Amino acid sequence: MNKKALSREIEELKKKKKILIVAHNYQRPEVQDIADILGDSLELARIAAGVPEERILLCGVKFMAESVKIISPRKTVLTPEPEAGCPMADMITGEDVRRLRKEYPDYLFMAYVNTSAEVKAEVDLCCTSSNALALVKKLKGEKIFFLPDKNLGSWIKDQTQTEMELWPGFCYVHNRIQMEDLEKGRQEHPEAVAMIHPESPLQVLKAADAVLSTGQMITYARTSPAREFLVGTEEGMVYRLQSLFPEKLFYPMGRPFICDNMKKITLEKVHKALTDEETIIQIDESVIQKAAQSLNRMLEMS
Ligand code: SF4
């Protein structure tokens with residue numbers, strides 16, 4: 001079946017079955033096009049909690065589907081590809097956190113949402129790339145153990161001068177963005193404003209014009225008087241921004257950066273998940289309850 005016919009069938013199936021499709025900004029263009037809602041991981045989880053649909057199909061990596069389940073434990077959360085994991089989230093386990101807590105007993109443990117449900121259940125507080133900086137500023141005086149992303153942690157540490165220990169995890173996609181990419185982008189598009197995601201290396205973050213989460217990039221592009229932008233994040237975001245603001249121009253920062261894990265989700269797999277309804281996210285009730293505490297603490301503080 002070609003893409004058009006497959007998309008049509010997906011549209012019919014989701015309506016007939018009353019299944020809401022939510023998709024992350026890094027999904028393939030054709031998957032973004034059949035989604036009911038697009039956004040970053042927490043945005044999707046919060047929106048999924050507020051809609052009447054009892055079944056949600058999450059197009060993104062596993063920790064994102066888990067976040068939907070943690071925030072909406074009574075809903076059925078489906079994934080088109082159970083093997084689509086996030087290598088950064090997999091760089092730390094609940095066991096690691098339990099051990100670290102013994103080594104750093106007077107530290108507050110803060111986890112980026114890009115972690116498994118098991119890890120969220122072991123920490124004090126979660127954060128996103130949009131609110132991490134503000135949350136750490138509010139926690140003035142606390143010693144913080146930040147995990148798993150050393151780049152996001154280094155950025156916060158640099159901006160707040162907070163005493164922080166960092167777990168050496170990283171996103172293999174954003175960690176590849178180098179100074180040469182920023183310089184090449186600026187040479188090719190001298191009028192463009194350089195936006196970059198804080199999972200990128202600190203040196204590049206400091207040299208760019210704006211350090212922003214994907215949600216913040218949308219607001220920035222909407223409100224900025226600039227007409228051209230370099231986008232320092234996964235290439236799916238370039239498509240998303242270009243679709244939202246066709247009158248402006250968006251370019252990858254020097255070269256395209258692709259998350260193979262996000263791209264494991266295809267229209268064929270979305271169609272199969274809608275048809276079979278077998279790939280359901282399962283998390284232990286006790287893990288859901290503990291993970292919800294660290295997520296809720298973040299929401300209360302935001
Ligand atoms: S882009 Fe990076 S953080 Fe996001 S899913 Fe891919 S590997 Fe994980």
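Biologist: Let's start with Ile10, which sits in helix H1 (residues 3-17). What makes Ile10 count as buried?

Modeller: This is a predicted model, so everything here is computed from its atoms. The cut-off for buried is 20 or more other C-beta atoms within 10 Å. Ile10 has 25 C-beta neighbours inside 10 Å, so Ile10 counts as buried.

Biologist: Which residues does Ile10 touch, leaving aside those up to four places away in sequence?

Modeller: Ile34, Leu267, Val270, His271 and Leu274. Take Val270: it is 260 residues from Ile10 along the chain, yet their C-alpha atoms are separated by 7.6 Å.

Biologist: What makes the backbone at Lys18 and Glu277 worth a look?

Modeller: Phi. Most residues other than glycine have a negative phi. Lys18 isn't a glycine, but its phi is positive, about 55°.

Biologist: How do you know that the peptide bond from Leu147 to Pro148 is cis?

Modeller: From omega, which is near -5°. Most peptide bonds are trans. Pro148 lies in the loop between strand S7 (144-147) and helix H8 (150-160).

Biologist: Now helix H3 (residues 41-50), where Ser41, Leu42, Leu44, Ala45 and Ala48 are buried. How do you know that they are on the same side of H3?

Modeller: Look at the arc around the axis: they cover only 160°, which puts them on the same side of H3. What they pack against is strand S1 (19-24), strand S2 (37-39), strand S3 (55-59) and helix H4 (62-71).

Biologist: Helix H11 (residues 214-223) has buried residues too, namely Thr214, Met217, Ile218 and Ala221. Why are these said to line one face?

Modeller: Seen down the axis of H11, they fall within an arc of 100°, so one face it is. The face turned away from that buried side carries the exposed residues Thr219 and Thr223. As for partners, the buried residues of H11 pack against strand S9 (193-196), strand S11 (228-232) and helix H12 (236-244).

Biologist: Back to H4. Why is H4 called roughly perpendicular to helix H14 (residues 285-301)?

Modeller: Their axes come within 9 Å and cross at roughly 95°. Roughly perpendicular runs from 65 to 115 degrees, and that makes H4 roughly perpendicular to H14.

Biologist: What makes up the contact of H4 with H14, by class?

Modeller: Six nonpolar, no polar and one charged residues. On the H4 side there are Lys69, Ile70 and Ile71, which meet Ile288, Ala291, Ala292 and Leu295 in H14. Lys counts as charged, so Lys69 is the charged one.

Biologist: Last one, the ligand. How many residues surround the ligand, and which are the closest?

Modeller: There are 13, and the closest are Val61, Cys86, Cys171, Val173 and Cys259. By class, the shell has 10 nonpolar, two polar and one charged residues.

Note on methods: Residues are numbered from 1 along each chain as its sequence is written. This is a predicted model: local features need pLDDT of at least 70, side-chain atom pairs count only at pLDDT 80 or more; totals for chains, interfaces and linings use all residues. A residue is buried if 20 or more other C-beta atoms lie within 10 Å of its own, exposed if 12 or fewer, and partly exposed in between; C-beta atoms are placed from the backbone. Helices (H or I, at least four residues) and strands (E, at least two) are DSSP runs, numbered from the N terminus. The arc is that of the directions from the helix axis to the C-beta atoms. Two residues are in contact if their C-beta atoms, placed from the backbone, lie within 7 Å. A residue is near a molecule or strand if its C-beta atom, placed from the backbone, lies within 6 Å of it. Axes are lines fitted to C-alpha atoms, for helices over the stretch in contact, and angles run from 0 to 180 degrees between N-to-C directions. Angles under 35 degrees count as roughly parallel, over 145 as roughly antiparallel, 65 to 115 as roughly perpendicular and the rest as oblique.
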